[in-house]
Amino acid sequence: EETLQRYRQGATAARKVLEEFLVERLVEVVPLLADDLPSPLCEELKVLENLDDEALWKVAQSQAPPARQRLYSRLLSRNSQGTITQREKETLDTLGEEARRLMLKKAHAYMLLKWRGHRIPSQEELQRLG
């Protein structure tokens, strides 16, 4: 009841009908679903939706292998110093794409776990975990 009252006040302040106001708020916060993404990535994320919770936790907590993380850091440094070769630049681009895909998969796994009722670590907790 308290939450509904807050939304009624928000709708009044926005000079909108409650239903319209609620739909707008839901659209603002709804996460992307796998179907909203490009095809190869869409398929990777859809696979996650069929995993059990234990497997999702493994994906959510996964990290790139340490050797690839070190290489990525070295190449980023060389790139910022302007001493990177074309071949290293291509490797940097590949590693960056891998990192972005991994982060998206982790985020999707955490979202699914949250939807399934699990407590998701705070940003501070995640940073401590590495």
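**View 1. Helix α4 passes helix α6 in a left-handed crossing.** Left-handed means that the near helix is turned anticlockwise from the far one by less than a right angle; clockwise would be right-handed. The model is predicted, with local features needing pLDDT of at least 70 and side-chain atom pairs pLDDT 80 or more, while totals for chains, interfaces and linings use all residues. Residues are numbered from 1 along each chain as its sequence is written, and side-chain values use heavy atoms, without hydrogens and water. The axes of α4 and α6 come within 8 Å and cross at roughly 145°. Axes are lines fitted to C-alpha atoms, for helices over the stretch in contact; angles run from 0 to 180 degrees between N-to-C directions.

**View 2. The contact of α4 with α6.** From α4 come D53, L56, W57, V59 and A60; from α6 come K105, K106, A109, Y110, L112 and L113. Contact means heavy atoms within 4.5 Å. By class, this contact has 8 nonpolar, no polar and 3 charged residues.

**View 3. Helices α5 and α6 pack at about 125°.** Helix α5 spans residues 66-81, helix α6 residues 86-115, and their axes are 10 Å apart. The two are therefore oblique to each other. This crossing is left-handed. Among the α5 residues in contact are R68, L71 and Y72; α6 brings residues including E88, K89 and T91.

Methods. Helix = DSSP H or I, 4+ residues; strand = E, 2+ residues; numbered from the N terminus. Parallel < 35°, antiparallel > 145°, perpendicular 65-115°, else oblique. Nonpolar A, V, L, I, M, F, W, Y, C, P; charged D, E, K, R; others polar.
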